Structure formats: structure tokens, C-alpha cells
Amino acid sequence: GWPIQYGALETVPYVGGRRDISQVDGQAPSVTVDTWQIGAAFNWRRGGDWFAIRPDYMGNDFDRSRVLSLNATWTPVRNGVLNDWRQYGEGFISWRPAFDLRAVAGTFHRQGDRTDQQSEDFFRLGSQFGLAVKSDNPRWPLVASVSETYLPALNGGDDIDFLQSRLAWALDPKQYFTIEVIYTDGQRTDLDMEERAWKVSLAAKY
């Protein structure tokens, strides 16, 4: 995304895509995930809390479905206690408990090859919580984190339950490039398949 600041309001338009290709020995490669997203996040801070509204349009070219959703998140920030880094030992490690409340409502713009049960309009209310730990020693630029996103369906659709753990090693002092080992288990969104996988990747940010 590209942040745009308007006083206390920050707007981050974004586009993204994900394409997974798998191959079984003796068989031709096959595309198992082929999704894309476009939207914008509107973030603002009030007191010690962060609020975000995010309209999102997502497509799955594998089953030709499309879904439009509106996401809302409240992130309470308490210095040194919640959603903020707290140092343990001088120059040793820091840790950050994470927690937010989130709601998402969505409607299928196109059903594609999905069944009626798989393409119900939905409303979910839940949270994302977890813990991150990082090394404060520049010789060991490591960050480890684990998060659980649980969004039970209050109306239509299925529950979303997604676990992600990550270990990242920075390749430069400003952490623009990292090598990451990631484990995921569950379903990210309505248009993603359930997954349980280990991944190793080279990540870059700017």
C-alpha cells in the first residue's frame, strides 16, 4: 500500500495478489490458489486506540468468484502492556502482546463455480491475538511471532480460523529484506482454501 496522510486520518490504498503452484511427482504442475485484492484502509487514532475501516474487493480466478467486504478493526494500545513493545533486559529482547477486535460483513458479487452454501453473504465478529518477540542485539536480528485470527460467523458463511507463526531474520540494519520461515494452518478468507503449510521466503518492504 501507499500511505496518504490527512491530519489524524491515514489512507492506504492497496492492491495484491496470491498465486500458488503445486506439483505432485509424475504429474503436471497445477494452480491451487489464484486470488487478488483491491481496496483501501482508513486508519485513525483516538487517545490510545487505533481504528480502521477497510473496504475490500477480492476475486478468485480459480473458481471465478468475487466478494465485496467491509472490515472494521479496533486496536487498543497501552504503552508497554498491549500492542506495544516492552523490553526485557537491557539490549536483550523485547516482546509485544497483540490483541484487537474486528468485524467483517461481505456479499458475493459473483458466485462462480462455488455452491450456494459456499457463497452465502456473511457477518462475523471476532478478534486477532498473539505475541511477538524480537532480539534487541543487532548481531541477532530475529523476530518471532504467532497470531490467531478467529472470526465466528454470526450470520451466513462459515467461521474463519487462521493460525500463523513466523520467524524472520533481517539481512540489513533497517530490515528492508528478511528471510522468513512461516507456518500457517486454517483459512485466511472466504475465497482461500484451507491450508496447512510450511514456507520459506525472501521478503522485501519499502
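In what order do the elements of the protein run from the N terminus on? Colour the chain by secondary structure and follow it from that end: the elements run β-β-β-β-β-β-β-β-β-β-β-β-β, and the count for the protein is accordingly zero helices and 13 strands. Keep in mind throughout that this is a predicted model.

Next, select the C-alpha atoms and turn the view along the principal axes, where these atoms fill a box of roughly 55 × 50 × 30 Å. With contacts drawn between residues at least 6 apart in sequence, 47% of them join residues at least 24 apart.

Now switch to a surface view, in which the protein exposes about 13000 Å², with carbon and sulfur atoms supplying 58% of that area. Of the 206 residues, 31% count as buried.

Colouring the side chains by charge brings up 22 positive and 27 negative ones, and the centres of these two sets lie 7 Å apart. Within this colouring, select Asp116, Glu120, Asp121, Asp158, Asp159, Asp161 and Glu194, which together form a negative surface patch.

For the last stop, centre the view on Asp121, one of the residues of that patch. Why does Asp121 count as partly exposed? Its relative accessibility is 42%, and the class of partly exposed residues covers values between the 20% limit for buried and the 50% limit for exposed.

Notes:
Residues numbered from 1 in each chain as written. Predicted model: local features only at pLDDT ≥ 70, side-chain atom pairs only at ≥ 80, totals over all residues. Heavy atoms only, no water. Helix = DSSP H or I, 4+ residues; strand = E, 2+ residues; numbered from the N terminus. Buried < 20%, exposed > 50% of the residue type's maximum accessible area, 1.4 Å probe, protein only. Contact = heavy atoms within 4.5 Å. Areas by Shrake-Rupley, 256 points an atom, 1.4 Å probe, with all protein chains shown as cover. Lys, Arg positive; Asp, Glu negative; His and termini not counted. Charge placed at Lys NZ, Arg CZ, Asp CG, Glu CD. Patch = residues over 30% accessible without salt bridge, like charges linked within 9 Å, V, L, I, M, F, W, Y side chains within 5 Å. Salt bridge = Lys/Arg side-chain N within 4 Å of Asp/Glu carboxyl O.
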